[in-house]
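Subject: Structure handover

Hello,

Here is the structure I promised to pass on. My notes on it follow below.

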Amino acid sequence: MTAQLLIGPVLRRVDGDRATLWLETSAAAQVRVEVDGPGAGSARTFSAYNHHYAMVTVDGLAPDSANPYRLFLDDRQVWPEADSEYPPPVIRTRSADDAAQPVSLIFGSCRKGTPQVSGRWLPPDALDAFSRRLMTDPETRPDLLVLLGDQVYADETSPKVRRFLRARRRNGHQGPTDQVVGFEEYTKLYLESWRDPEVRWLFSTVPSVMIFDDHELIDDWNTSASWRADMAAQPWWRERISAGLASYWIYQHLGNLSPDELAADPLFRKVSEAEDATDLLHEFGLRVDEPGSAENTDVPYQWSFALDLGRTRLIVLDNRCNRVLTPGARSMLPAAEWNWFVNRAHGDYDHLVVGSSLPWLMPPAIHYLEAWNERISESHRPRSAAFGEKVRRTFDLEHWAAFGKSFVALGELFRRLGEGGPEAPGHRVGAGGAYRAPASISVLSGDVHHSYAARAEFGHAMATPVYQLTCSPIHNEVPLPLRPLMRVAWWPGVVHAVRALARTVSVRKPALRWKKLAGPYFGNAVGTLRLDGAVASARIEGTTKDGALHDVAAVDYHA
């Protein structure tokens with residue numbers, strides 16, 4: 001059988017003189033990448049669930065270059081396609097000594113892959129719009145695309161996918177008729193979303209990293225211990241969680257790893273060597289679905305990752321799978337993963353960027369509501385706890401404020417980093433022998449279907465500015481009735497009222513304050529963060545009715 005290219009190639013990590021590309025094929029094949037200039041790579045596809053995938057490492061790339069490449073399956077060129085109307089895909093590398101070279105990141109979250117969902121037409125796709133701009137203006141090419149969750153929607157499917165699901169259910173496959181359950185069903189989501197022509201071209205020529213949020217699995221994934229107990233009672237849940245995590249590992253997580261990390265990953269080695277990795281990945285998906293531990297023990301699998309671009313350090317956090325859900329000890333990250341994060345947050349860099357699918361700084365009224373709800377849900381009175389849990393699930397109260405200890409710990413970490421000094425070991429020593437704080441700290445987030453920028457204020461002089469940059473959705477919408485609520489949640493009077501409610505259950509006022517600088521904006525959008533020397537600048541661009549991009553928010557900040 002002649003292998004065809006189904007999805008990809010997706011350019012993932014570009015590290016020095018090496019790059020990784022991911023793809024899916026219709027049959028087993030030998031994959032080869034040739035670059036117009038130094039650099040080449042090849043790999044054999046691996047198989048799981050009757051699907052075929054490859055991760056190709058391209059070695060020997062020239063520094064400070066942007067060279068077109070070609071992809072071959074069994075010596076047949078399949079990318080770029082012969083009749084392609086798009087510019088040739090390229091692999092761009094940074095200079096060998098790139099300390100002074102600016103870094104540009106494009107970020108956002110929440111992208112539905114079709115223009116119509118449940119009979120409604122969505123506004124233009126911001127990722128499509130950015131792709132079209134890049135085609136006409138290559139100078140706008142970013143260093144990295146950072147996708148912050150809900151790359152696919154397992155629980156909100158398109159009409160085409162629902163037709164496929166209904167046929168599957170009639171043939172005996174268990175589960176809801178409008179939500180995916182098995183691995184084969186998950187593959188339809190990626191096929192639908194990642195074969196969008198503009199997005200497919202963009203993915204083939206701009207490096208990308210990705211982290212899940214809840215909709216890759218199901219709305220409110222791991223919101224609480226009682227939520228997990230309720231889901232475990234569903235007869236189709238074990239298959240859903242196994243297939244969801246296995247498919248995420250293949251389609252998204254593998255590309256987050258550098259070539260060295262890929263080579264060191266024991267699961268990837270086993271999967272690559274197996275004739276059929278289905279059983280391996282099925283067991284893996286079940287095994288890693290374990291709530292985190294408050295103790296300092298290993299996690300089943302670490303989804304968080306980190307990388308350096310020039311003088312910028314990017315750390316992307318898992319806000320979902322490894323949460324600690326034990327009442328009284330709830331935490332966004334288990335102790336072992338939190339310690340990893342703290343260690344990576346210290347080091348020799350100029351700018352720290354933290355990718356968190358869920359915003360750290362929410363509109364203040366919502367922050368206090370979530371903090372109140374966490375206390376109520378852990379009440380020793382059963383009726384109060386049940387009421388709190390119902391409110392939590394109804395209004396999606398599950399951000400950092402709903403994990404109060406983690407919210408405080410993250411703010412304290414940023415404060416220590418921003419003050420510099422001996423308590424921030426590992427920072428480079430500046431003039432006079434003093435430790436230097438980062439030039440900026442930025443938290444990139446999505447999830448909430450509106451975009452805004454806010455600055456954290458720690459109540460004393462701190463050299464390092466700390467910003468929350470939220471950009472969502474890329475291609476979705478927020479219901480009209482919710483938009484006024486998102487606006488008034490910043491109003492001082494509303495904030496005071498909800499804070500008074502939170503005080504009734506002894507919620508303390510945070511040690512920091514935050515001020516909205518831009519937004520909220522409710523349209524489809526992408527964000528840009530540019531880091532150059534000591535200066536950081538961010539902007540959010542929304543889509544117009546004709547599918548172009550226009551500025552809706554901009555901030556500049558520096559130490």
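Lys112 is buried, with a relative accessible area of 6%. Buried here means under 20% relative accessible area, exposed means over 50%, and partly exposed lies in between (1.4 Å probe, protein chains only). This is a predicted model, with residues numbered from 1 along each chain as its sequence is written. Local features need pLDDT of at least 70, side-chain atom pairs count only at pLDDT 80 or more, and totals for chains, interfaces and linings use all residues, while side-chain values use heavy atoms, with hydrogens and water left out.

Back to Lys112. It is found in the loop between strand S10 (103–108) and strand S11 (116–117). Helices (H or I, at least four residues) and strands (E, at least two) are DSSP runs, numbered from the N terminus. The side chain of Lys112 makes a polar contact with the side chain of Glu156, at 2.6 Å. A polar contact is a pair of N or O atoms within 3.5 Å; within protein, one must be able to donate a hydrogen and the other to accept it, and residues adjacent in sequence count only if both atoms are side-chain atoms. Lys112 also lies over the face of Tyr153, 5.0 Å from the ring centre. For that, NZ of Lys or CZ of Arg must be within 6 Å of the ring centre and within 35 degrees of the ring normal. Arg330 lies over the face of Phe403 in turn, at 4.0 Å from the ring centre.

Next, the aromatic pairs. Rings of Phe, Tyr and Trp (its six-membered ring) pair if their centres lie within 6.5 Å; planes under 30 degrees apart count as stacked, over 60 as edge-to-face and the rest as tilted. By this rule there are 27 aromatic pairs. One of them joins Trp22 and Trp194: edge-to-face, 5.8 Å centre to centre, with 85° between the planes. Trp22 lies in strand S2 (residues 18–25) and Trp194 in helix H3 (residues 183–194), so this pair ties together parts that are 172 residues apart in sequence. Trp22 is buried at 0% relative accessibility. Trp194 is buried too, at 3%. Trp194 also pairs with Phe203: the ring centres are 5.6 Å apart and the planes at 90°, so this pair is edge-to-face. Phe203 is likewise buried. Ring pairs link a cluster that includes Trp22, Trp194, Phe203, Tyr251 and Phe268.

Now the nonpolar cores. A nonpolar core is a set of buried Ala, Val, Leu, Ile, Met, Phe, Trp, Tyr and Cys residues joined through side-chain atoms within 4.5 Å. The largest has 96 residues. Among those with the most contacts inside it are Trp249, Ile250 and Leu469. Helix H6 (residues 237–253) gives the most to this core, with nine residues. A second, separate core has 54 residues, including Val391 and Met486. As for Leu469, it touches Phe107, Tyr452, Leu529 and Tyr557, among others, not counting residues up to four places away in sequence. Contact means heavy atoms within 4.5 Å.

Cys321 is buried, with a relative accessible area of 1%. Cys471 is in no disulfide either; the nearest cysteine sulfur, that of Cys110, is 9.4 Å away. Cys471 counts as buried, at 0% relative accessibility.

Last, the backbone. A cis peptide bond joins Trp79 and Pro80, with omega about -5°. Pro80 is in the loop between strand S8 (76–79) and strand S9 (90–92). Another cis peptide bond joins Ser472 and Pro473, with omega about 0°. Pro473 is in the loop between strand S20 (466–470) and helix H14 (483–488). Tyr49 is not a glycine, yet its phi is positive, near 55°. Tyr49 sits in the loop between strand S5 (46–48) and strand S6 (51–58), and is buried at 14% relative accessibility. His449 has a positive phi of about 60°, and is not a glycine. The loop between strand S18 (440–445) and strand S19 (451–457) holds His449. His449 is buried, with a relative accessible area of 15%.

Best wishes

Notes. A disulfide is a pair of cysteine sulfur atoms within 2.5 Å.
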